[in-house]
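Student: I am new to this one. Could we go through it together, question by question?

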Amino acid sequence: TTGDVVLAGTITGSLLAPSPDVRLSIDGGRFLYARTSVSYEDIDLEVAVTERGISVRDLSFDTLPLIRNPLDLVFKPNVTRDARTAGKRSFHAEGLILLDGWKPGDVSLSVSAHRLWGIYTQEIKAQISAELEGSGRWPDLVLRGDVDVDEVDVELGQESVGHSVSDMVLPDTLYVHRTNSRSGPGEQRVEDLLAAAVLEHGPSFMQRLETDVLVRLGNKVHVKLAVGLAQGRDDALRAISLIGNIEPDVNLAGEVRVLLGKGKRRLIGTLEIARDSKLTALTKRFEVTQGSSVTMLGDIGDSQLEIDAEHLSRYGTIVVKVRGTPAEPLISFESDEIPDQGDIMVVLLTGKPLSEQTAAEGGSAMRTISSALAGFGTKLLGKYTPLDKLDIDLGDGMGSGSVEAGKAITPELFLVSRFKWGVRDERENRVEAQLQFQPRILRRFSLEGSIGDRLAGNIQVVWRLLY
């Protein structure tokens, strides 16, 4: 951090009624922030504090992305990505805060950004331009304006988006407050706690803030993710993870209006998936169809998905369609040349349909599918674990059948992943996960629940008669 800081002025009046006339200025400051990998250059600040109010006459700086030298781990400017423009600062703000005694009163603030680097790490790079105006009487402020996303490049691998799950142990002083259940002895609902806080302290600043900001995506917004269904560091688990990887690599466009009022956020607009976007699933590459989009209607969970992607195989074109909402997506595979859903899945995993595989190849395909399903199911635990159960039913002529892969999570809890092909009823699940709970003290009793890709599911209580 470098720069010259000057604080000068006078304070007159009495202790109970001071009358300040103070100036604070920073000239040519510089600040390097390693977490964002951005250098804030030529920082200029001029603030005046008087009895009337606080005047921010100038707050401006330029941004310069940094790269880390792998030899000495020192951050150095990336001059090839220097977006500074003569006569235009990366960030500029000015405004006035009137004082009512020593409390903030009316506020007016304007902010402008020109090709401002917000972050420049190995995983995320983001640059924006903006024109924003804020006004109102504190703390009831209104923020309006436009934000242009000039460039975003997100590239996160499995190490970045993976997660691990461990047993949760709560200390005695920590209570769990359930939001959708009736309060038990000694418990309070979260809604009641929040309502009590609002009555005592009033709404928070974010609950009072209103925004109406239009966010426009430029032509350099790129997102690439790798999400493994099974995690592990040895070669065997990495192979399973490759089977289950989902890797979107998409370019985004469009515009979204961000509305905030009374503590509620709404997003209105459409995100378009631009050309040259692709998706890798089950080790196969799908080209996302131009015109695919996500339409935002308010709450993110209510957004409408309309995404199509195509994979060209030797046996025909396979189309994956994603419809519904993020909260309840509907995913289906279609092919004019491959009408059977089972064959579609096997082509994606092995390269050819069951009808063209030998008995040995068919068994290998089933084991591959069951491994992928088991990797998917046990990913809920944060890792892939070997199978305790593997049942394969090839049916008649391999035109129909099923594979079940099971794993005992605990001595009382059992997880089954099931894959079926040749199913005639469109409402019946093709891929299904089932949990079976059988307490030790009641060996005849079990609780079983299942859900699948057609969102068909059930919960049943089973009592076994032993004879």
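**Questions and answers on the model**

Tutor: Arginine 57 has a relative accessible area of 41%, so it counts as partly exposed. Keep in mind that this is a predicted model.

Student: Which side chain meets arginine 57 in a salt bridge?

Tutor: The nitrogen-to-oxygen distance is 3.6 Å. A salt bridge needs a distance within 4 Å. The partner of arginine 57 is glutamate 46.

Student: How many residues apart in sequence are the parts that arginine 57 and glutamate 46 tie together?

Tutor: Arginine 57 lies in strand E4 and glutamate 46 lies in strand E3, so the pair joins two strands. Glutamate 46 is partly exposed, because its relative accessibility is 37%. The separation in sequence is eleven residues.

Student: How many salt bridges does a search of the whole structure find?

Tutor: The bridge between arginine 57 and glutamate 46 is one example. Another joins aspartate 146 and arginine 216, at 3.7 Å from N to O. The search of the whole structure gives 15.

Student: How far apart in the chain are aspartate 146 and arginine 216?

Tutor: Aspartate 146 is partly exposed, with a relative accessible area of 32%. Arginine 216 is partly exposed as well, at 28%. Aspartate 146 sits in strand E9, and arginine 216 sits in strand E10, residues 210-225. This pair links distant parts of the chain, and the separation is 70 residues.

Student: Let us turn to strand E9. Is leucine 141 buried or exposed?

Tutor: Leucine 141 has its place in strand E9, residues 140-156. Its relative accessible area is 12%. The cut-off for buried is under 20%. Therefore leucine 141 is buried.

Student: What is the C-alpha to C-alpha distance between leucine 141 and arginine 208?

Tutor: Leucine 141 touches several residues beyond its sequence neighbours, among them Val107, Phe205 and Arg208. In sequence, leucine 141 and arginine 208 are 67 residues apart. In space, the distance is 7.1 Å.

Student: Which residues touch the most other members of the largest nonpolar core?

Tutor: That core has 30 residues. Phenylalanine 286 has contacts that include Ile318, Val320, Phe333 and Leu348. The residues touching the most other members are Phe286, Ile318 and Phe333.

Student: How many residues are in the second, separate core?

Tutor: This core includes Ile43, Tyr120, Val147 and Val213. Its residue count is 16.

Student: How many aromatic pairs are there?

Tutor: Rings pair if their centres lie within 6.5 Å. By this rule the count is five.

Student: What is the angle between the planes of tyrosine 40 and phenylalanine 61?

Tutor: Tyrosine 40 lies in strand E3 and phenylalanine 61 in strand E4, so the pair ties together parts 21 residues apart in sequence. Both residues are buried. Their ring centres are 5.6 Å apart, and the pair is edge-to-face. The angle is 85 degrees.

Student: Which residue forms an edge-to-face pair with tyrosine 120, at 5.1 Å centre to centre?

Tutor: The planes of this pair are 85 degrees apart. Both partners are buried. The residue paired with tyrosine 120 is tryptophan 117.

Student: Which residue lies over the face of tyrosine 120?

Tutor: Its distance from the ring centre is 5.2 Å. The residue is lysine 125.

Student: One last stop, in a loop. Is threonine 325 buried or exposed?

Tutor: Threonine 325 lies in the loop between strand E17 and strand E18. Its contacts include Gly301, Asp302 and Leu305. Because its relative accessibility is 15%, threonine 325 counts as buried.

Key. Residues are numbered from 1 along each chain as its sequence is written. This is a predicted model: local features need pLDDT of at least 70, side-chain atom pairs count only at pLDDT 80 or more; totals for chains, interfaces and linings use all residues. Side-chain values use heavy atoms; hydrogens and water are left out. Helices (H or I, at least four residues) and strands (E, at least two) are DSSP runs, numbered from the N terminus. Buried means under 20% relative accessible area, exposed over 50%, partly exposed in between (1.4 Å probe, protein chains only). Contact means heavy atoms within 4.5 Å. A nonpolar core is a set of buried Ala, Val, Leu, Ile, Met, Phe, Trp, Tyr and Cys residues joined through side-chain atoms within 4.5 Å. Rings of Phe, Tyr and Trp (its six-membered ring) pair if their centres lie within 6.5 Å; planes under 30 degrees apart count as stacked, over 60 as edge-to-face and the rest as tilted. A charge sits over a ring if NZ of Lys or CZ of Arg is within 6 Å of the ring centre and within 35 degrees of the ring normal. Lists of a residue's contacts leave out its neighbours within four places in sequence.
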